[in-house]
Amino acid sequence: FSLEQVTALTGSPADITTPGYIVVKAEMLRIRMADPPIRFIYFMGERPDGTVIFLVDSEPPESEDYSPPGQEYPEASDIFKNVFITSRETTEGPVSDRWGAWVSSITPVTDPATGRVIAVFGMDVDARDWNLKIVGACLPPITATLILLLLLLVFSYVQERNERERGILEK
């Protein structure tokens with residue numbers, strides 16, 4: 001996405017007909033379809049009063065999950081809002097909102113001249129999928145540890161038995 005495309009997003013319903021919005025929306029739809037674990041992709045802005053709003057999202061307009069430009073996002077966490085203040089990317093979650101429970105990657109889009117945050121780019125994955133991946137990633141080391149522990153116990157048992165038998169033979 002170009003900085004000009006993102007800067008042109010105003011967060012109003014009028015954006016829907018602008019060429020920049022149409023290009024950004026189409027690219028978001030392509031990204032979403034190319035990587036199915038990513039459930040939502042979006043740009044969000046912040047009004048002067050601190051209200052977080054959608055600028056553009058990856059949902060088609062006919063989807064029940066579609067968020068039109070300017071839709072408020074009152075569920076924004078303090079961690080999410082802090083990206084507008086600190087200009088630092090973050091990952092948060094699982095966090096629940098009206099669409100479900102998500103793990104979100106949030107990256108500020110800043111004006112290179114001023115350093116001011118123009119928008120925030122976010123991508124969400126379902127928290128259940130995220131947790132399954134964590135469990136899946138943990139299984140090999142846990143399994144290896146349990147096998148090593150079992151081998152250690154067997155080795156200790158054999159050693160103890162050998163010591164007892166050696167004691168019997170010495171008597």
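This is a predicted model: local features need pLDDT of at least 70, side-chain atom pairs count only at pLDDT 80 or more; totals for chains, interfaces and linings use all residues.
Modeller: Residues are numbered from 1 along each chain as its sequence is written, and side-chain values use heavy atoms, with hydrogens and water left out.

Biologist: How many salt bridges does a search of the whole structure find?

Modeller: Side chains of opposite charge can pair when their charged atoms come close. A salt bridge is counted where a side-chain nitrogen of Lys or Arg lies within 4 Å of a carboxyl oxygen of Asp or Glu. The search of the whole structure finds 9.

Biologist: Which residue forms a salt bridge with R32?

Modeller: The partner is E59, with the closest N and O atoms 3.7 Å apart. R32 lies in helix α2 (residues 19-34) and E59 in the loop between β2 (52-57) and α3 (78-86), so the pair ties together parts 27 residues apart in sequence. Helices (H or I, at least four residues) and strands (E, at least two) are DSSP runs, numbered from the N terminus. R32, R39, E59 and D65 are linked in a network of salt bridges.

Biologist: Is E59 buried or exposed?

Modeller: Buried means under 20% relative accessible area, exposed over 50%, and partly exposed in between, with a 1.4 Å probe and protein chains only. E59 has 5% relative accessibility and counts as buried.

Biologist: What separates E163 and R166 in helix α4?

Modeller: They are 3 residues apart in α4 (residues 127-170), which means a separation of about one helical turn. E163 and R166 form a salt bridge with N and O atoms 2.8 Å apart. E163 is partly exposed at 48%, and R166 is partly exposed at 44%.

Biologist: Which residues line the largest pocket?

Modeller: Rolling a probe the size of a water molecule over the atoms shows where empty space is left. On a 1 Å grid over the protein atoms alone, a pocket is an open set of points where a 1.4 Å probe fits, with protein on both sides within 12 Å along at least five of seven lines; lining residues have an atom within 4 Å of a point. Here the lining includes V6, L9, E46, R47, I53 and R116. Elements giving two or more residues to this lining are α1 (3-8), β1 (38-46), β2 and β5 (117-126).
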